[in-house]
Amino acid sequence: MENWQLIATLEDIPPLGSRVLKTAQGDIALFRSADDQVFALHDKCPHKGGPLSQGIVFGHTVACPLHGWNINLEDGQAIAPDKGCAGKLITKIENGAVFLRT
Ligand code: FES
């Protein structure tokens with residue numbers, strides 16, 4: 001069975017920005033794209049653990065602030081030639097409320 005946890009509203013996350021959610025499993029970065037989709041990744045770059053929440057969002061991609069790796073927000077995968085995955089979490093938006101699948 002799916003469980004959904006209310007974690008934010010869309011307005012809580014700046015457009016093309018992010019917000020960090022502290023959880024027992026570590027920090028989760030919530031990103032809002034220009035088309036108002038919300039993506040959640042572990043706030044840890046697959047390269048050397050940089051804080052992806054501090055990165056620059058463009059399209060459905062975030063550029064890590066440390067060494068500039070590009071991470072696909074849709075699946076958490078580093079974009080070639082880089083390799084690795086930040087670990088994606090599933091979110092949904094309903095009436096402006098953001099839910100995380102737990
Ligand atoms: S830690 Fe993210 S690119 Fe190096």
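A salt bridge is taken here as a side-chain nitrogen of Lys or Arg within 4 Å of a carboxyl oxygen of Asp or Glu. The model is predicted, so local features need pLDDT of at least 70 and side-chain atom pairs pLDDT 80 or more, whereas totals for chains, interfaces and linings use all residues. Residues are numbered from 1 along each chain as its sequence is written, and side-chain values use heavy atoms, without hydrogens or water.

**Exercise 1.** State how many salt bridges the structure holds, and locate the one formed by E2.

*Solution.*
Step 1. The structure holds 4 salt bridges.
Step 2. In one of them E2 pairs with R101, with 3.3 Å between the closest N and O atoms.
Step 3. E2 lies in the segment before β1 (4–9) and R101 in strand β10 (residues 97–101); the two are 99 residues apart, and the pair links distant parts of the chain. Strands are DSSP runs of E, at least two residues long, numbered from the N terminus.

**Exercise 2.** Classify K22 and D27 by accessibility, and describe their contact.

*Solution.*
Step 1. The classes of relative accessible area are buried (under 20%), exposed (over 50%) and partly exposed (in between), with a 1.4 Å probe and protein chains only.
Step 2. K22 is exposed because its relative accessibility is 66%, while D27, at 30%, is partly exposed.
Step 3. Their side chains form a salt bridge with an N to O distance of 3.2 Å.

**Exercise 3.** Treat E94 and K92 likewise.

*Solution.*
Step 1. The side chains meet in a salt bridge at 3.1 Å, N to O.
Step 2. E94 is partly exposed at 40%, and K92 is partly exposed at 25%.

Methods
Helix = DSSP H or I, 4+ residues; strand = E, 2+ residues; numbered from the N terminus.
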